[in-house]
Amino acid sequence: MGIIERIKEIEAEMARTQKNKATEYHLGQLKAKIAKLRTQLLEPPKGSSAGGDGFEVTKFGHGRVALIGFPSVGKSTLLTMLTGTHSEAASYEFTTLTCIPGIIHYNDTKIQLLDLPGIIEGASEGKGRGRQVIAVSKSSDIVLMILDASKSDGHRQILTKELEAVGLRLNKRPPRIYFKKKKVGGFSFNSTLPLTHVDEKLCYQILHEYKIHNAEVLFREDATVDDLIDVIEGNRKYMKCIYVYNKIDVIGIDDVDKLARQPNSVVISCNLKLNFDRLLAKMWEEMGLVRVYTKPQGQQPDFTDPVVLSTRRVLG
Ligand SMILES: Nc1nc2c(ncn2[C@@H]2O[C@H](COP(=O)(O)OP(=O)(O)OP(=O)(O)O)[C@@H](O)[C@H]2O)c(=O)[nH]1
Ligand SMILES: [K+]
Ligand SMILES: [Mg+2]
């Protein structure tokens, strides 16, 4: 049986299992099993080089932003409008088949924007170009999830699930769980506050699933089993994501208003060139970029050529 089939089988078992105190340990173990299989799925197949089909784009500028979304939501239209680099746009799905970079000039900085093929449900398991698209997203500093404002908001949940399945965590911070594997000494479990989701036995079982028998675990918040698994796996990527609702020209003002009020969301229209300034400002803010103007002694600072730093990471 392949890895994907095994994941499906365990998911089916989880769906059949009633959630209660008695099944909690078993469900926790199943979650860990799935997480292990997903990590296996992420390892590139033996003998293959990663990518190699038009997806490797050299990093450029002070930051990198990836456009992720279902087909035909307007990703390429947006890239062309924000960067001036032409990326083919059309009314049929999967117009874009590779990664197309453009540059946004904003606040004296250069931000690399990446247009990507549309992804669909099952992308994390390799449907379409999902795997490559997700790899590029992981290499960027923030993600713009482009959504069609006139379509169901279910798309946002589906995409979030796909990205979570490959270890991306959007708009979350790492769980406050201290975890240290040891060579000897057995298992120690502590918490700084009362826990409602995880107890010592459950934690022990999860570690057992990972064949970890010596470890120190300290919960500093009331975290869940999923949080614990994330910490044990250790390969999660925590990223900022802006939900960009495009095509607001085709929906009513009340609906626009509702979308605009959601957290981390910006509404735009490529057709009407609406709200791009808001989108750029939000992007800039989420990337944590700051400009530093150096001032030679006894001279005026050069306001045309700042040093750009990020409060979120060290710029390469
Ligand atoms: N009404 C409306 N249509 C738009 C808007 N932006 C883009 N479109 C249209 O949506 C269709 C798809 O646009 P694309 O830019 O090709 O979409 P995409 O997300 O790059 O699509 P794929 O590359 O196939 O995944 C085109 O017909 C665009 O003209 C908008 O703001 N409003
Ligand atoms: K399209
Ligand atoms: Mg496109």
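Modeller: What follows covers the overall fold, the domains and the ligand shell. This is a predicted model, in which local features need pLDDT of at least 70, side-chain atom pairs count only at pLDDT 80 or more, and totals for chains, interfaces and linings use all residues. Residues are numbered from 1 along each chain as its sequence is written, while chains are lettered from A and ligands numbered from 1 in the order in which they are written.

Biologist: How many helices and strands are there in the chain?
Modeller: The chain has nine helices and 12 strands, counted as DSSP runs (H or I of at least four residues for helices, E of at least two for strands) and numbered from the N terminus.

Biologist: And what are the domains?
Modeller: The domain assignment, which is automatic or from a database, gives domain 1 as 3-43 + 175-233 and domain 2 as 63-172 + 236-310. Their centres, taken over C-alpha atoms, are 33 Å apart.

Biologist: How many residues does the contact take from domain 1 and domain 2?
Modeller: Five come from domain 1 and five from domain 2, where contact means that C-beta atoms, placed from the backbone, lie within 7 Å. On the domain 1 side, α2 (24-42) and α7 (225-233) are the elements that give two or more residues.

Biologist: Switching topic, which residues are closest to ligand 1?
Modeller: Of the 24 residues that surround ligand 1, the closest are Gly74, Ser76, Ala89, Thr96 and Gly118, a residue being near if its C-beta atom, placed from the backbone, lies within 6 Å.

Biologist: Which helix gives the most to that shell?
Modeller: Helix α3 (residues 75-83) does, with three residues.

How values were computed
Contact = placed C-beta atoms within 7 Å.
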